[in-house]
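Please read this report alongside the sequence and the 3D view.

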Amino acid sequence: MTFVDEVKNAVTPRAALLVIGVLGLQLLFIASYVGALHKPKPTDVAFGVVAPQQMSQQLVSQLDGLPGGPLDPRTVSSEAEAREQIMNRDIDGALIVSPEGSTDTLLVASGGGTVLSSALERILTQVEAGQQRTVRTVDVAPASPDDFDGLSSFYLVVGWCVGGYLCASILAISAGTKPANRQRALIRTAVMAVYAVAGGIGGAVIIGPILGALPGSVWGLAGLGALVVFSVGMITLALEALTGIVGIGLAVLIIVIAGNPSAGGAFPLPMLPDFWRAIGPALPPGAGTWVARSIAYFRGNAVTGPLLVLSAWAVAGTALTLLLSMRRRGGRDDGRTEAASSPSPSGGSTAA
C-alpha cells in the first residue's frame, strides 16, 4: 500500500471536511471573543437625570453630547423614581443633582456588572469636575462581596449551557446522531428533561448555599437552570437530528462562539460592540445571564422577555427533534448506517 493510500485510509474525505470545519470554528472562536472583549467601552448606557427643571434639559443635552456617546440620558422625575427604574433594569444608573449644595449623587447597580458601574463613576466624576462639582456614588443593587466583578451569574449560566450541549452530544454519539424513530426521540427528550432538572438544582445549590457567591432564591435559580440546560440540550439534539455529527459543531457555534462573548458576562451589554450587543439577548447564554442577575440582585424584575427567549429555544428544539424523527420512522440512525457501510480489514464492507 502506497503512502497516498495510507493517507486516504487514515483521513477520509468526510474526516477532512470535519477537520476543516473544526478549524473554521477555532478561527471564529478567536474572532468572536477578541472582537467582543478586546476593547470594552460604554456606549448608549441608559442613564437617568434628576435635576431642577431649569437645568435638567441642559444637563441631559450635555451628557448626550459626550465624546464617544457613552450615555443615553433621559430625564427622571425624582430620586425614588430613578431607584425604581434601576431596580426594574430600565436604566443602568442615574445622577441626582443637588439643588442647594455642590455634591451630587450617582446611583449605580454593581449587581448588573461592576465594570459598568465603575465606568459610570469615572465618566460622571469627570463631568462634575468640569463644573466644579463633586459626586458621591450610591450602589442601589450592590454585587455580593463573594461575587467578584459580578461574574458568578455568567459562569453559572455557562456551566448550565456546557452541560446541556455535552449531554445532548453524548446521547447522540452513544446511539447515532439522528434518532431512528419517534420513540427514541421521545426517550432522549425525557432524559434531557431529567438531566436539566438535576443540573439546574445542582448549579443553584453550589452557587448559593455551598459557595455563597449569589444571593436570591435558590429555587428561582434552579428553575432558570433547568430551562437553560433543557433549551441548549434540545436545540443541540435538533441540530444533530438535522445534520448529524455536524450539529455538535453548530451548537458550539451558537452557544459558545456567538453566545458566550455576547452574554454580557465579562462586560455588560452596554460595553460590547454593536453586533454582540444585538445578538446577545436572543441567545441562551445572554438570556440566562440576564435572568440570573435579576434573580440575585434586582428582585426578579425584567425577566419575562429573556425567559420567553429561552422557552422559544426549548420549544423549537423539541419540536424539530420530534418532527425529524417522524420523517425517519423505520429508518436506521447514523451510527448504525455508518457501521453498516464501513470497510472491513479485508477491503469489503461489514454487515449491520
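The sections below go from the whole chain to its sheet, its helices, its cores and a few single residues.

## Overall picture

The model is predicted. The chain contains 13 helices and five strands. Its C-alpha trace spans about 95 × 45 × 35 Å along the principal axes.

Of the 352 residues in the chain, 48% are buried. Taking contacts between residues at least 6 apart in sequence, 74% of them join residues at least 24 apart.

Five strands form an open sheet with mixed pairing, in the order 2-1-3-4-5. The edges are strand 2 (71–75) and strand 5 (134–139); each has a single partner strand, so one side of each is left without a neighbour in the sheet. From one strand to the next, the twist averages 25°.

Strands of a sheet pair through backbone hydrogen bonds, in either a parallel or an antiparallel sense. Strand 1 (residues 45–50) pairs with strand 3 (residues 93–96) in the parallel sense, over four bridges. V49 has L95, in strand 3, as its bridge partner.

## Helices on the sheet

Helix 3 (residues 53–64) packs on the sheet and touches strand 1, strand 2 and strand 3. The direction of helix 3 makes about 170° with that of strand 2.

Helix 5 (residues 114–129) also packs on the sheet. The strands touched by helix 5 are strand 1, strand 2, strand 3, strand 4 (103–108) and strand 5. Its direction makes about 160° with that of strand 4.

## Helix 2

Helix 2 covers residues 13–37, a run of 25 residues. From its first C-alpha to its last, helix 2 reaches 36 Å, close to the 36 Å expected at 1.5 Å a residue.

Which residues of helix 2 are buried? They are S32, G35 and A36. These buried residues pack against helix 9 (246–259) and helix 10 (274–279).

## Nonpolar cores

The largest nonpolar core consists of 51 residues, and L107, L221 and L224 have the most contacts inside it. Helix 8 (residues 218–243) gives the most to this core, with 10 residues. Setting aside residues up to four places away in sequence, L224 touches W160, G288, V291, A292, I295, L307 and L310.

A second core is separate and has 26 residues. Among them are L106, L124, V135 and M271.

T236 is found in helix 8. Its relative accessibility is 0%, so T236 counts as buried, the limit being under 20%.

What is T236 in contact with, leaving aside its neighbours within four places in sequence? The residues are Y165, A168, S169 and A251.

## Cysteines

The count of disulfides in the model is zero. C161 is in no disulfide, and the nearest cysteine sulfur to that of C161 belongs to C167, 14 Å away.

## Two loop residues with positive phi

D44 is not a glycine, yet its phi is positive, at about 55°. D44 sits in the loop between helix 2 and strand 1. Its relative accessible area is 46%, so D44 is partly exposed.

D149 is not a glycine either, and has a positive phi of about 60°. The loop that holds D149 runs between strand 5 and helix 6 (152–175). At 29% relative accessibility, D149 counts as partly exposed.

Note on methods
Residues are numbered from 1 along each chain as its sequence is written. This is a predicted model: local features need pLDDT of at least 70, side-chain atom pairs count only at pLDDT 80 or more; totals for chains, interfaces and linings use all residues. Side-chain values use heavy atoms; hydrogens and water are left out. Two strands pair if DSSP finds at least two bridges between them. Axes are lines fitted to C-alpha atoms, for helices over the stretch in contact, and angles run from 0 to 180 degrees between N-to-C directions. Contact means heavy atoms within 4.5 Å. The expected span of a helix is 1.5 Å times one less than its number of residues. Buried means under 20% relative accessible area, exposed over 50%, partly exposed in between (1.4 Å probe, protein chains only). A nonpolar core is a set of buried Ala, Val, Leu, Ile, Met, Phe, Trp, Tyr and Cys residues joined through side-chain atoms within 4.5 Å. A disulfide is a pair of cysteine sulfur atoms within 2.5 Å.
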